[in-house]
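Here are some notes for a colleague who is meeting this structure for the first time. They begin with the make-up of the chain and end with the contact between its parts.

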Amino acid sequence: EPNLVQQLVNAAEKAANIARICRSNEALLQLLVQEKTGPEANARFEHDFKTLADVLIQETIKHDIGTLFPAMRDAIKGEESPNFKNVDGESVTIAVGETAEETANCLASILNVEVAEVLAGEVHRAVVYEESLLGEIPALPADLDYSNLGIWIDPIDGTAEYISGDSIFTDFPGITSTGLDCVTVLVGVYDRTTGIPVIGVVSQPFHNKLDENVYRSLVFWGVCLPELQANNCQFERPERDNRLGIFSSSENGDILQRIMELGYEFAFAAGAGHKALKVITWEVDLYLLSKGSTFKWDTCAPQAILRSLGGDMYSYRGSIGDSKPTPLSYIEDGEETADTKCNKDGLIAVRDVTLLDDLLKKLTE
Ligand code: 2IP
Ligand code: CA
Ligand code: CA
């Protein structure tokens with residue numbers, strides 16, 4: 001059996017390559033951008049985008065991991081639907097073929113042949129991502145039941161930032177408010193019986209800018225199986241005077257006020273995956289979102305990494321009041337609808353779970 005963690009890292013890097021290529025050429029970027037409409041649209045954005053890059057990345061990860069781990073094939077899901085409308089309004093299904101030619105033929109129904117071939121080349125390129133910051137990826141337990149594992153993919157989190165590219169920084173070192181640094185590729189694996197996330201890979205494809213349109217990824221992974229905890233995220237908590245929380249710019253004022261009364265400072269930043277990542281790296285202590293504007297594909301990967309560090313991600317509304325802290329769950333019960341895929345009760349992500357006591361008390365008052 002190939003190593004699932006390494007293969008997910010490779011898949012995330014291939015995803016990053018595709019994301020970078022689609023962005024490196026203005027004409028291609030324009031071509032790839034399509035507005036999301038109808039029930040698939042995320043209501044919070046006036047203009048939400050569905051890009052071919054998203055769909056192509058998701059289908060590529062599904063294809064690569066499904067080929068290597070056939071037992072998981074039917075349980076690999078993501079944000080996007082593989083259907084895309086071309087300029088003539090015809091519906092096209094993006095499918096990764098057996099060969100680059102096949103995939104290029106499929107893509108050529110939307111793109112010009114030249115561009116279709118370039119992208120298909122990336123999709124079928126063998127990518128092995130090795131980098132000293134990855135640390136040592138452990139062998140997974142020999143008896144791991146792959147048929148009991150499911151995957152949630154967000155091929156590009158922070159689509160608006162991916163499209164726009166403009167950066168605004170916060171007052172806090174290393175924390176970008178909006179911009180390409182907020183873009184992440186999220187691949188999370190969960191246990192289908194317990195609904196608990198067990199492996200996560202989070203990549204920032206645009207973290208290191210080497211040159212105009214040349215970037216290198218920063219990749220984080222974590223494993224939290226009953227018999228194995230490992231990750232490449234053993235960061236110390238940086239020295240700071242106060243606790244620091246990270247929030248969506250749309251967070252509710254009353255909730256922010258209460259958190260301020262506990263002595264927290266605030267950073268506002270885009271990207272659900274990016275904000276969760278800042279908790280993982282301990283650059284912030286808390287990511288709290290009171291609204292249901294994230295989905296299972298946003299949280300599965302970072303939650304697995306947080307769990308490998310002794311932290312977790314909880315339901316916000318499910319944890320305040322009389323309730324006990326309730327971790328987000330990926331349990332598959334009944335038919336999947338837009339509603340069941342949504343973390344509709346909001347979320348609280350912490351690396352140090354002892355912070356919850358004060359926080360939940362204050363938020364319940
Ligand atoms: C979005 C994206 C947004 C986030 C929203 C996610 O995912 O991460 O940035 O909103 O919750 O669903 P905010 O930045 O206010 O936290 P996508 O880009 O994949 O649609
Ligand atoms: Ca997302
Ligand atoms: Ca997305």
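1. The protein has ten helices and 17 strands. Please keep in mind while reading that this is a predicted model, and that the values below are computed from it.

2. On overall form, the radius of gyration of the protein is 20 Å, which agrees with the value near 21 Å that a compact globule of 365 residues would have. Along the principal axes, the C-alpha trace spans about 60 × 45 × 40 Å.

3. Where contacts join residues at least 6 apart in sequence, 68% of them link residues at least 24 apart.

4. On the division of the chain, domain 1 covers 4–229 and domain 2 covers 243–364, and the C-alpha centres of domain 1 and domain 2 lie 23 Å apart. To the contact between them, domain 1 gives 40 residues, while domain 2 gives 33 residues.

5. Which elements give two or more residues to the side of domain 1 that touches domain 2? They are strand 6 (149–157), strand 8 (176–178), strand 9 (184–191), strand 10 (197–211) and strand 11 (214–225), and a reader may wish to trace these in the view above.

Definitions and conventions. Residues are numbered from 1 along each chain as its sequence is written. Chains are lettered from A and ligands numbered from 1 in the order in which they are written. This is a predicted model: local features need pLDDT of at least 70, side-chain atom pairs count only at pLDDT 80 or more; totals for chains, interfaces and linings use all residues. Domain bounds come from an automatic or database domain assignment. Two residues are in contact if their C-beta atoms, placed from the backbone, lie within 7 Å. Helices (H or I, at least four residues) and strands (E, at least two) are DSSP runs, numbered from the N terminus. The radius of gyration is taken over C-alpha atoms; the globule rule is 2.2 Å times the number of residues to the power 0.38.
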